[in-house]
Amino acid sequence: MKIIDARVIITCPGRNFVTLKLTTDEGVTGVGDATLNGRELAVASYLTDHVCPLLLGRDASRIEDTWQFLYKGGYWRRGPVTMTAIAAVDTALWDIKGKMAGLPVYQLLGGRSRDGVTVYGHANGETVPEVLDEVARFLDLGYRAVRVQVGIQGIGSIYGVSPDTAHRESGYVPTAESSDWSTARYLHQIPALFEAVRERFGFDFALLHDAHHRLTPIEAARLGRRVEEYQLFWLEDLVPAELQEGFRIIRQHTTTPLAVGEVFNSIWDCQQLITEQLIDFIRADVVHAGGITHLRRIFQLADLYHVRSGSHGANDLSPVCLAAALHLDISIPNFGIQEYMRHSAETDEVFPHAYSFADGYLHPGEVPGLGVDIDEELAARYPYQRAYLPINRLVDGTVHSW
Ligand code: GCO
Ligand code: MG
């Protein structure tokens, strides 16, 4: 079974998505997400100019061999662009394998380890009462887990939440800058949010929060300790994680569970975090961490060290990535939770899919392969629009992590 066509499709139904579509000589197609938010065309070029020509004529059934071929064969290892491109190929090959076998991909990964995939939604608001309304909405929808983010007084935007302007549909969008981040204000104000949520809704659901890489380890340690009584499911991305040993400082001071990993692209980015048990949840995702093949390897390592999965699932990862994530989530033993930021109606139309939400769980569906496709005709109606992620600055103008 040979690959006879490899094509990259770029579409912007509200935000940009890059999709790789492979076709075999038996007419079977497979799709892989290749979206790297804000740097989409770099991956598109990596695939079109360098990888697709290598795929033609290759045996589509050799998933592991193709992964090694692209990783070791490229000589330049790792990095978000390379690993996103490899992920797209890997995901598309799993899709093809499932279709050939007549089985949903999760069956090829060992079958179900659970009945459904617990997901968390995003309750955002400028003020605490606004966030509480949002939490109520999610709980009414049946969610068993909710992430809360609130505006900080004296700071213009809700940190860590993309302003719509960064992803709007028309024209060139300059980098959105905000320049008023204050860790002191944040640390002072944020505990009141968790207190209000627990006071009104109790403890019978998982409460999560994302600090979006903005703290130092000792600040993070202080926050973790301060909010222990609210029993968070996790505090996410408290610090930038290039310095893995920095997490030791946080760990020494708090029992609040820690999650990190949405910007990781290989097992080497989290090896120390996992093997020293410095985190509780690894948030790497299919599209940025080398596909199903490599993410499964990360999760297997994590399982040895009591670290559970908590894959990134923002809506800048396409429905193809979400579908692939669900097949992994439902099959692995050490699943923790899955982020689920719903896609827009336009995006859902471009990517018809078999997965569905019910009672706080996502279900991958029983369609052979990943159960997701791209409607190319519709996709063509939404041409690429340049867009960037926001930039964050401190009050004095210093560039800070966004
Ligand atoms: C999350 C993330 C996202 C990222 C975005 C970057 O936890 O969902 O922090 O909101 O910022 O995916 O492209
Ligand atoms: Mg995050």
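Me: Where does Gln231 lie?
Reply: Gln231 is in the loop between α7 and β8, and that strand covers 234–236. Keep in mind that this is a predicted model.

Me: Is Gln231 buried or exposed?
Reply: Exposed. The relative accessible area of Gln231 is 52%, and the cut-off for exposed is over 50%.

Me: What about its backbone, what is phi of Gln231?
Reply: Phi of Gln231 is near 50 degrees. That is a positive value, and the residue is not a glycine.

Me: Let's zoom out. How many helices and strands are in the protein chain?
Reply: The protein chain has 13 helices and 16 strands.

Me: Why is the chain called as compact as a globular protein of that length?
Reply: Look at the radius of gyration. For the protein chain it is 21 Å. The globule rule gives 21 Å for 402 residues, so the chain is as compact as a globular protein of that length.

Me: What box do the C-alpha atoms fill?
Reply: Roughly 60 × 45 × 45 Å, taken along the principal axes.

Me: What share of the residues count as buried?
Reply: Of the 402 residues, 56% count as buried.

Me: And the accessible surface, what does it come to?
Reply: About 15,900 Å² for the protein chain. Carbon and sulfur atoms hold 50% of that surface.

Me: Next, domains. Which ones does the assignment give?
Reply: The domain assignment gives domain 1 at 3–104 and domain 2 at 108–367. Their C-alpha centres lie 26 Å apart.

Me: How many residues does the contact take from domain 1 and domain 2?
Reply: The contact takes 33 residues from domain 1 and 36 residues from domain 2.

Me: Last topic, charges. How many positive and negative ones?
Reply: There are 35 positive and 51 negative charges in the protein chain.

How values were computed
Residues are numbered from 1 along each chain as its sequence is written. Chains are lettered from A and ligands numbered from 1 in the order in which they are written. This is a predicted model: local features need pLDDT of at least 70, side-chain atom pairs count only at pLDDT 80 or more; totals for chains, interfaces and linings use all residues. Side-chain values use heavy atoms; hydrogens and water are left out. Helices (H or I, at least four residues) and strands (E, at least two) are DSSP runs, numbered from the N terminus. The radius of gyration is taken over C-alpha atoms; the globule rule is 2.2 Å times the number of residues to the power 0.38. Buried means under 20% relative accessible area, exposed over 50%, partly exposed in between (1.4 Å probe, protein chains only). Accessible areas come from the Shrake-Rupley method with a 1.4 Å probe; for residues, only the protein chains shown count as cover. Lys and Arg count as positive and Asp and Glu as negative; His and the chain ends are not counted. The place of a charge is taken as NZ of Lys, CZ of Arg, CG of Asp or CD of Glu. Domain bounds come from an automatic or database domain assignment. Contact means heavy atoms within 4.5 Å.
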